[in-house]
Amino acid sequence: MEEKKIQLDFQTYQEIENLTAVKDQSEKDLKTLQSSMEYLDIAQKKLTGSQHVLEKVTPEMNGKEILVPLTGSMYVYGKIADSDNVLIDVGAAYYVQKDVNSAIDYFKRKSIFVNEQMMKVEKYIVTAETKQRETEMKLQEIFENKLSVKQ
């Protein structure tokens with residue numbers, strides 16, 4: 001295969017350099033946004049899981065043995081002392097005691113909030129993908145124009 005060399009003027013070189021920088025930045029932005037979306041998805045699943053567990057709590061559960069999570073992978077045995085009230089983690093190692101219905105409402109509200117944030121991030125992802133495609137197309141167009149001029 002024959003290798004073709006392209007002679008670039010300074011203005012074209014600068015344009016390519018600028019477009020490459022924009023493309024690199026949009027790739028970084030896209031990765032950050034996708035990572036944010038993954039974290040929001042994990043948070044959404046945890047909130048929904050907590051809500052579903054609380055919806056199964058009944059007064060008949062008093063005195064029943066359960067597994068209490070200490071970390072994501074460590075549990076200890078415990079007994080339900082008061083099935084009408086629960087402790088919920090509200091972030092930054094703060095726990096709040098709430099009645100079961102208030103706790104369910106709290107998780108529903110947080111779930112709605114996280115879902116709204118996911119929709120915003122999704123819009124930013126679409127914008128970043130579009131910007132990246134446009135930049136790639138512009139770079140390709142420059143190279144194709146330079147190749148056609150050479151021939």
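These are my notebook entries on a predicted model of a protein.

**Ground rules**

I number residues from 1 along each chain as its sequence is written, and I use heavy atoms for side-chain values, with hydrogens and water left out. Because the model is predicted, I need pLDDT of at least 70 for local features and count side-chain atom pairs only at pLDDT 80 or more, while totals for chains, interfaces and linings use all residues.

**Entry 1: the overall layout**

I started with the secondary structure. The protein has two helices and four strands. I take helices (H or I, at least four residues) and strands (E, at least two) as DSSP runs, numbered from the N terminus. Along the sequence I read the pattern α-β-β-β-β-α.

Next I looked up the overall dimensions. The C-alpha trace spans about 85 × 30 × 25 Å along its principal axes. The radius of gyration is 27 Å, but a compact globule of 151 residues would have one near 15 Å. That radius is taken over C-alpha atoms, and the globule rule is 2.2 Å times the number of residues to the power 0.38.

**Entry 2: surface, burial and charge**

I looked up the accessible surface, which comes to about 11600 Å². Carbon and sulfur atoms hold 55% of that surface. The areas come from the Shrake-Rupley method with a 1.4 Å probe, and for residues only the protein chains shown count as cover.

Of the 151 residues, 23% are buried. I call a residue buried under 20% relative accessible area, exposed over 50%, and partly exposed in between (1.4 Å probe, protein chains only).

Then I turned to charge. I found 21 positive and 25 negative charges, with mean positions 0 Å apart. Lys and Arg count as positive, Asp and Glu as negative; His and the chain ends are not counted. Each charge is placed at NZ of Lys, CZ of Arg, CG of Asp or CD of Glu.

**Entry 3: contacts between the helices**

A contact here means heavy atoms within 4.5 Å. I took contacts between residues at least 6 apart in sequence, and 58% of them join residues at least 24 apart.

I picked Thr135 in helix H2 (residues 100-150). Thr135 is buried, because its relative accessibility is 6%. Beyond its neighbours within four places in sequence, Thr135 contacts Leu19, Val22 and Lys23.

Glu17 lies in helix H1. Glu17 is partly exposed at 38%.

Glu129 is partly exposed, with a relative accessible area of 29%. Not counting residues up to four places away, Glu129 touches Leu30 and Gln34. I also checked Glu129 against Gln97: they are 32 residues apart in sequence, yet 44 Å apart in space, C-alpha to C-alpha.

I moved to Gln51, which lies in helix H1 (residues 10-55). Is Gln51 buried or exposed? Gln51 counts as buried, because its relative accessibility is 12%. Leaving aside neighbours within four places, Gln51 is in contact with Ile104, Phe107 and Lys108.

I searched the whole structure and found one. Tyr106 and Phe107 form this edge-to-face pair, 5.4 Å centre to centre with 75 degrees between the planes. Rings of Phe, Tyr and Trp (its six-membered ring) pair if their centres lie within 6.5 Å; planes under 30 degrees apart count as stacked, over 60 as edge-to-face and the rest as tilted. Tyr106 is buried at 11% relative accessible area. Phe107 is buried at 8%.

**Entry 4: the loops**

I looked up Ala92, in the loop between strand E3 (85-91) and strand E4 (94-99). Ala92 has a positive phi of about 55 degrees although it is not a glycine. Ala92 is exposed, because its relative accessible area is 68%. Ala93 sits in the loop between E3 and E4. What is the phi of Ala93? Ala93 has a positive phi of about 60 degrees, and it is not a glycine. Ala93 is exposed at 65%.

Last, I checked Gly63 in the loop between H1 and strand E1 (65-69). Gly63 is partly exposed at 44%. Gly63 touches Lys79 and Ile80, not counting residues up to four places away in sequence. Gly63 and Met74 are 11 residues apart in sequence, and their C-alpha atoms are 22 Å apart in space.
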